[in-house]
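Subject: A structure to look through, with notes

Dear colleague,

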Amino acid sequence: MNPADQLMQIVRQKKDRLIELTQALVKIPSVNEPPNGNEKPCQEFLRKRLQAMGAQTDLFTLDEIPGLRDDPFYNPGRDAVGRPDLVGVWKGTGGGRSLMLTGHADVVGIGNPSLWNNDPWSGALKDGFIHGRGASDMKGGLAAELIAIEAFLEWGELRGDLIFACVVDEEFGGMNGTLAVVRRGYHAEAAILAEPTGLEILPATGGGLQYRIHAQGKSAFETRKEEGECAILRMTRVVQGLDELEKARCARFRNAKYFGRYPIPAPICVIGIQGGDIQVGGVADKCWIEVWHQALPGETEAQVIGEVKSLFKKLAQNDPWLANHMPDIEPRCKWIDPCAVPERHDFTAVISGAWRQVMSREPELGGFMGATDASRLQLTANTATVNFGPTQRQIHQPNENVSVEELVITAQVMALTILGWCGLTNESMKGKER
Ligand SMILES: [Zn+2]
């Protein structure tokens, strides 16, 4: 049996441990409730696990990193007290490349509990699926990473360094945890982020901005409607305009590398709307909408905002009121940079090779719709970061779950990637047939 097959077999033999670890993680309700969170027990549990696996561990909060709050990538307004990030390091013997396996400990809330068929924190195993909040986003992925590392270390000796990083406060656009890991000094040449990707290798990641558009009108009682200017009417035109902008953007990105194959590669989603005052009646003098505006690799915040402002200018050509009362754009999150692993990077080839060995066919590479922490690693540490994990099943919804078989495959691909990227020492190659 060749080394890759041996390693795949060892991972498969650990299926029960993989199930148990995923269940144990799901049972810890590490809910993110911005600006606070409850990740500490999960991080302490993982630290013990890392120590048992022989890692050098580091558990630290943002406040222990000098200057982090002044970092241009820092996302203000989130609390870090009692919310430690966790790193484990296994040093290689040298001569190999370094790899980080990473993910986030926090999960979103359970929403309405009556919509769940089971206890959201049960981790129940049923018909090959593990159930509970965080099962696929992303405690299953974290468990797969640890089982991949465990399998590799039992089997061989590393040449390159291996780093496991589990951060807090990722959901709802947090991203400070991964920044903290980098600024704490943990850098790797490549990384796998175990977000649920449907077992697809996604070397590119969307970004974007959530913002509010405020339209201004002029109030008037309905008997003197001619004296008023309706903010809601203006906003309906903005909403129509955003829909057309989305279509134009999607046409432009139709052939974009990694994203072109999706039905709506660059969504502009109007999430909510509010306007007028029904207690008072008459012409509405205010209206706002909230928007998620997805950006693709190569786009900047200034470009995205510029496109929306051009839309306002176009609408104002036929509307003197609008021309004198341009809508405001109020950012509701920090801009999330889209990113991509550089073209023809060796890491994409290595993880693709690992995938091919496990799946016995060619992988189709894509881009992650929505944002992940990949951009923090890619842009602050120049780490080639690939999103890779199991299928999204009911993530951020009731009855979240994850496929056990997919977790095994995820761990196998990760273990073979460690082999292909970090490498095996000559000493531990002995006795392993080629
Ligand atoms: Zn996630």
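Which are the buried residues of α10? They are Ala374, Ser375, Arg376, Leu377, Gln378 and Ala381, where a residue counts as buried if 20 or more other C-beta atoms lie within 10 Å of its own, as exposed if 12 or fewer do, and as partly exposed in between, with C-beta atoms placed from the backbone. Helices (H or I, at least four residues) and strands (E, at least two) are DSSP runs, numbered from the N terminus.

Before going further, please keep in mind that this is a predicted model, in which local features need pLDDT of at least 70 and side-chain atom pairs count only at pLDDT 80 or more, while totals for chains, interfaces and linings use all residues. Residues are numbered from 1 along each chain as its sequence is written.

To return to α10 (374–381), six of its eight residues are buried, so this helix is largely enclosed by the rest of the structure. Its buried residues pack against α5, β9, β10, β14 and β16, and the helix is followed by Asn382, whose phi is positive, near 55°. Among the buried residues of α5 are Asn176, Gly177 and Val182, and what covers them includes β4, β5, β8 and α10. After α5 comes Gly185, whose phi is positive, near 110°.

Now for the overall picture. The protein has 12 helices and 17 strands. Its radius of gyration, taken over C-alpha atoms, is 24 Å, close to the 22 Å that the globule rule (2.2 Å times the number of residues to the power 0.38) gives for 434 residues, so the protein is as compact as a globular protein of that length. Along its principal axes the C-alpha trace spans about 90 × 45 × 45 Å, and buried residues make up 47% of the 434 residues. Of the contacts with a separation of 6 or more, 81% are between residues 24 or more positions apart, two residues being in contact if their C-beta atoms, placed from the backbone, lie within 7 Å.

The domain assignment, which is automatic or comes from a database, gives domain 1 (3–203 + 341–429) and domain 2 (207–331). The centres of the two domains, taken over C-alpha atoms, are separated by 37 Å, and seven residues of domain 1 are in contact with six residues of domain 2. On the side of domain 1 that touches domain 2, strand β15 (residues 367–371) gives the most, with three residues.

How many strands form the open sheet that has mixed pairing? There are six, in the order β3-β4-β8-β5-β9-β16, where two strands pair if DSSP finds at least two bridges between them. At the edges stand β3 (56–60) and β16 (384–387), each with a single partner strand, so one side of each is left without a neighbour in the sheet. Neighbouring strands here are turned by 15° against each other on average, direction ignored; axes are lines fitted to C-alpha atoms, for helices over the stretch in contact, and angles run from 0 to 180 degrees between N-to-C directions. Strand β9 (residues 190–193) runs parallel to β16 and is joined to β16 by four bridges, with Leu193 standing opposite Asn387. Helix α4 (residues 135–155) packs on the sheet, touching β4 (85–90), β5 (99–104) and β8 (162–167), and its direction makes about 150° with that of β5.

With β15, strand β10 runs parallel over three bridges, and Gly206 has Ala371 as its bridge partner. Strand β12 (residues 286–295) is antiparallel to β10 and joined to β10 by 10 bridges, with Arg212 opposite Glu290. Strand β13 (residues 328–331) also pairs with β10 in the antiparallel sense, over four bridges, and His214 is partnered by Asp328.

Finally, please look at Arg261, which is found in the loop between α6 (231–252) and β11 (268–275). Arg261 is partly exposed, with 14 other C-beta atoms within 10 Å, and its C-alpha atom is separated by 9.3 Å from that of Gly367, 106 residues apart along the chain.

With best wishes
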